[in-house]
Amino acid sequence: MNAPQTFTPPSIDTKMPKVGTTIFTVMSALATERGAVNLGQGFPDFDCDPLLVDAVADAMRKGLNQYPPMAGIPALRQVVADKIAAIYGTRYDWNEEITITAGATQAIFTALLAIVRPGDEVIVLEPVYDSYIPNIELIGGKVVAVPMTTEYRVPWDKVRAAVGPRTRAIMVNSPHNPSGMILRDADMRELESIAVDANLFVISDEVYEHMVYDGEPHQSACRYPALASRSFVISSFGKTFHVTGWKVAYCAAPAPLTAEFRKVHQFNVFTVNTPVQHGLAEYMREPSRYLQLPAFYQRKRDLFREGLANTRFRLLPSEGTFFQLVDYSAISDMPEADFAKWLTTEIGVAAIPLSAFYEQPVENGVVRFCFAKKEETLKLALERLSKL
């Protein structure tokens, strides 16, 4: 018999030569393999409110299972516009300025696609969420990374100095993943001044907007008129309502920006899960369901910090998000990735090295834990970490 013929596919000149398996995938797989408590990847291990599930199920049973309008169902866009107006004092036109997206990552990429041309520069702050740099580079843009200080504050003088003739946009993220810091009023006014002076767009990633602690307000780009006029403000229903796997978010932007955003959106995902949109619209009619989140997560943060205080970790501030950074230099001098793997395999708790959030790895002896977990999960992790 003749040997079976083999075929070789065309070779691919990769657009992303620096991208491999993410540290989140590596650490989660290692945690599963070793039976470790996974405080690495940022998602809750508890369920959402059953009333939200019921609202989505009711929408399905009512036959709301076909394509929704491209920009999102009116009821959800209206409730989002109402929420923004009530909290931040800025009224967006629900029909022309609010777009429902397939998660915040899609919204961020869509905003970049709408405004960045090959050769344009985009300023990001390091440590930086892992999708930003690949998104910019896929479009043909150039990343200009400005490192935050050792206390994870923004050096605005260096941001201003990084602006050049090809700078198109600045990307900010507050509350900030991975550091847990928040931008305050003075920060937002500096950002506004830089963006206005240089005529830049701003992409403001605010997915943790309802996780700000110790009585501090979230300073949304929506609050500042000159900033709002040039900003794509992005938030996430998945983060807010403990349903990260649903991948539903929104983008608020002035009508001219939204028009360009939707040109990309309609040929990217076009529409977003219909029954989930209806369920969210119904559920969000009661504002307490998101206004209670700061207290809910602060209890978890405080429980976790109190336990970590009994270890040799040095706690860094956690002003927002559901992340806690710790300095492990009193425990080990291993590089961050090696320490995170050692912590997972030998102590039984998975974390994420901060070096993963830099374009060129920086070693500060810091790892990130996620405390969006059940109380019993956090207590088990603390019991294991107490060995340190």
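## Lining of the largest pocket

In this predicted model, the lining of the largest pocket divides into 25 nonpolar, 16 polar and nine charged residues. The lining counts 50 residues. Thr22, Phe24, Tyr129, Asp130 and Ser131 lie nearest the centre of the pocket. The space inside comes to about 1,400 Å³.

Which helices each supply at least two residues of this lining? They are α1 (23-34), α5 (104-115), α6 (132-139) and α10 (237-240). The largest share comes from α6, with five residues.

## Second largest pocket

The second largest pocket has a volume of about 240 Å³. Its lining is made up of 14 residues, and Thr149, Thr150, Glu151, Tyr152 and Asn364 are the closest to its centre. By type, the lining divides into eight nonpolar, three polar and three charged residues.

## Helix α6 and its surroundings

Helix α6, which gives five residues to the lining of the largest pocket, is mostly covered. Six of its eight residues are buried. These are Tyr132, Ile133, Pro134, Asn135, Ile136 and Ile139. The cover over them includes helix α5 and the strands β3 (121-126), β4 (142-147), β5 (167-173) and β6. Just after α6, Gly140 takes a positive phi of about 95°.

The loop between β3 and α6 holds Pro127. Glu126 and Pro127 are joined by a cis peptide bond, with omega at about 5°.

## Helix α5

Helix α5 both contributes to the lining of the largest pocket and is part of the cover of α6. It has 12 residues. From first C-alpha to last, α5 reaches 17 Å, close to the 16 Å expected at 1.5 Å a residue.

## Nonpolar cores

The largest nonpolar core has 63 residues. Leu76, Ile84, Val159, Phe237 and Phe241 have the most contacts inside it. Helix α3 (residues 74-88) gives the most to this core, with six residues.

Phe237 shows how segments of the chain meet here. Leaving aside neighbours within four places in sequence, Phe237 is in contact with Leu76, Val80, Ile100, Val243, Val248, Ala249, Tyr250, Leu280 and Met284.

Where does His210 lie? His210 is in the loop between β6 (201-205) and α9 (225-228). Its relative accessibility is 6%, so His210 counts as buried. Beyond its neighbours within four places in sequence, His210 is in contact with Lys83, Ile87, Thr240, Tyr290, Leu293 and Pro294. His210 and Ala162 are 48 residues apart in sequence, and their C-alpha atoms are 31 Å apart in space.

Thr258 lies in helix α11 (residues 255-265). It counts as buried because its relative accessibility is 2%. With neighbours within four places in sequence left aside, Thr258 is in contact with Glu96, Glu97, Thr99 and Ala253.

## Backbone exceptions

Most residues other than glycine have a negative phi, and most peptide bonds are trans. Several sites in the model depart from this pattern. The peptide bond from Ser174 to Pro175 is cis, with omega near -10°. Pro175 is found in the loop between β5 and α8 (185-198).

Asn199 is not a glycine, yet has a positive phi of about 55°. Its place is in the loop between α8 and β6. Thr321 also has a positive phi, near 70°. Thr321 lies in the loop between β9 (314-315) and β10 (323-327).

Is Asn199 buried or exposed? At 61% relative accessibility, over the 50% cut-off, Asn199 counts as exposed. Thr321 has 0% relative accessibility, under the 20% cut-off, and therefore counts as buried.

Conventions:
Residues are numbered from 1 along each chain as its sequence is written. This is a predicted model: local features need pLDDT of at least 70, side-chain atom pairs count only at pLDDT 80 or more; totals for chains, interfaces and linings use all residues. Side-chain values use heavy atoms; hydrogens and water are left out. On a 1 Å grid over the protein atoms alone, a cavity is a set of points where a 1.4 Å probe fits but cannot get out, and a pocket is an open set with protein on both sides within 12 Å along at least five of seven lines; lining residues have an atom within 4 Å of a point. Grid points are joined across faces, edges and corners, and a volume is the space filled by probe spheres set on the points. Helices (H or I, at least four residues) and strands (E, at least two) are DSSP runs, numbered from the N terminus. Ala, Val, Leu, Ile, Met, Phe, Trp, Tyr, Cys and Pro count as nonpolar, Asp, Glu, Lys and Arg as charged, and the others, Gly among them, as polar. The expected span of a helix is 1.5 Å times one less than its number of residues. A nonpolar core is a set of buried Ala, Val, Leu, Ile, Met, Phe, Trp, Tyr and Cys residues joined through side-chain atoms within 4.5 Å. Buried means under 20% relative accessible area, exposed over 50%, partly exposed in between (1.4 Å probe, protein chains only). Contact means heavy atoms within 4.5 Å.
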